[in-house]
Amino acid sequence: MTVGFVNALTPGMRRGKPFTPHEPLDAAATTAAREVYPRHPGFTAPDAAELAEVAGRLRVVFDAMDDGAVDDAAAQVNRLIDDHNARPRLDRHDGEPWHLHFHGPGGTMAGDWGASCATALAIVLGSEFSDRLGVCTAPSCDRVYVDVSRNGTRRFCSTACQNRVKTAAFRARARK
C-alpha cells in the first residue's frame, strides 16, 4: 500500500522516463488503493491532493534509507505518526470481522491512510528488515520498493526495470 501510493503520487523517474503523477490524482490514488483493497470506494480530488502530500512525506523515508540515513528515516516516520495521530484500534465495518486499524474515527481519508502507512513503515524500521526499504537502482528510475524476497536481494522497483538493466548489461557484453 505505501509503495503503491508513493510510486503513483510522487513525481520523478520511472522505467527510464520522467514520471508525473496521473491526472486526475484521484484516479491514481484509487488505482493504488485497489491494489491492496479491491473494494476501495475511491478518493475525491481533494482527498487525492492531500494524499499526494502524504506520499511525498512517506517518500522521504525511502530516500533516507537508500542513503543509509536510518536515523533520518526514523525521525520522519515519527513525525508522520505524530501528525496523523496514528494509534492501534480494532474496527469493524462493511460487514467485515474485527480488524486492526491505525487511525481513529473522524480523520480525513488521506490522514487515515497516512497513519496506516507510517505505522507500517515504523514496524519495518523497528525490525531486522529495515534494510528492505529501497529506491530502484535502475538508471533513470527512482520508484521505491519493499524487498519481500526470501534472500533480501531485491534492488529494483519492478521486473521491467530489472529486465532493462539485464538487457543493457547483455548488450554491453556482446559489443565487446
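Lys and Arg count here as positive and Asp and Glu as negative, while His and the chain ends are left out of the count. On that basis the protein chain carries 22 positive and 21 negative side chains. The centres of these two sets are 12 Å apart. The model is a predicted one.

The overall build comes next. The protein chain contains six helices and six strands, and along the sequence they follow the pattern α-β-β-α-α-α-β-β-α-β-β-α. The chain is as compact as a globular protein of its length, because its radius of gyration is 17 Å, close to the 16 Å that the globule rule gives for 176 residues. Along its principal axes, the C-alpha trace spans about 65 × 35 × 30 Å.

Take the contacts between residues at least 6 apart in sequence: 51% of them join residues at least 24 apart. Of the 176 residues in the protein chain, 40% are buried. The accessible surface amounts to about 10000 Å², and carbon and sulfur atoms account for 54% of that surface.

Helix H1 covers residues 2-9, and seven of its eight residues are buried, so the helix is largely enclosed by the rest of the structure. The buried residues of H1 are Thr 2, Gly 4, Phe 5, Val 6, Asn 7, Ala 8 and Leu 9.

A polar atom of the Thr 119 side chain lies 2.8 Å from the backbone oxygen of Ala 115. When residues up to four places away in sequence are not counted, Thr 119 touches Ile 81, Ala 86 and Phe 102.

Phe 102 leads on to another residue, Leu 90. The C-alpha atoms of Leu 90 and Phe 102 are 8.5 Å apart in space, and the two residues are twelve residues apart in sequence. Leu 90 belongs to strand S3, residues 89-91. Its relative accessibility is 55%, so Leu 90 counts as exposed, a term that applies over 50%. Even so, Leu 90 has partners: with neighbours within four places in sequence left aside, Leu 90 is in contact with Trp 98, His 99 and Leu 100.

How values were computed
Residues numbered from 1 in each chain as written. Predicted model: local features only at pLDDT ≥ 70, side-chain atom pairs only at ≥ 80, totals over all residues. Heavy atoms only, no water. Polar contact = N/O pair within 3.5 Å; in protein donor to acceptor, adjacent residues only side chain to side chain. Contact = heavy atoms within 4.5 Å. Helix = DSSP H or I, 4+ residues; strand = E, 2+ residues; numbered from the N terminus. Rg over C-alpha atoms; globule rule 2.2 N^0.38 Å. Buried < 20%, exposed > 50% of the residue type's maximum accessible area, 1.4 Å probe, protein only. Areas by Shrake-Rupley, 256 points an atom, 1.4 Å probe, with all protein chains shown as cover. Charge placed at Lys NZ, Arg CZ, Asp CG, Glu CD.
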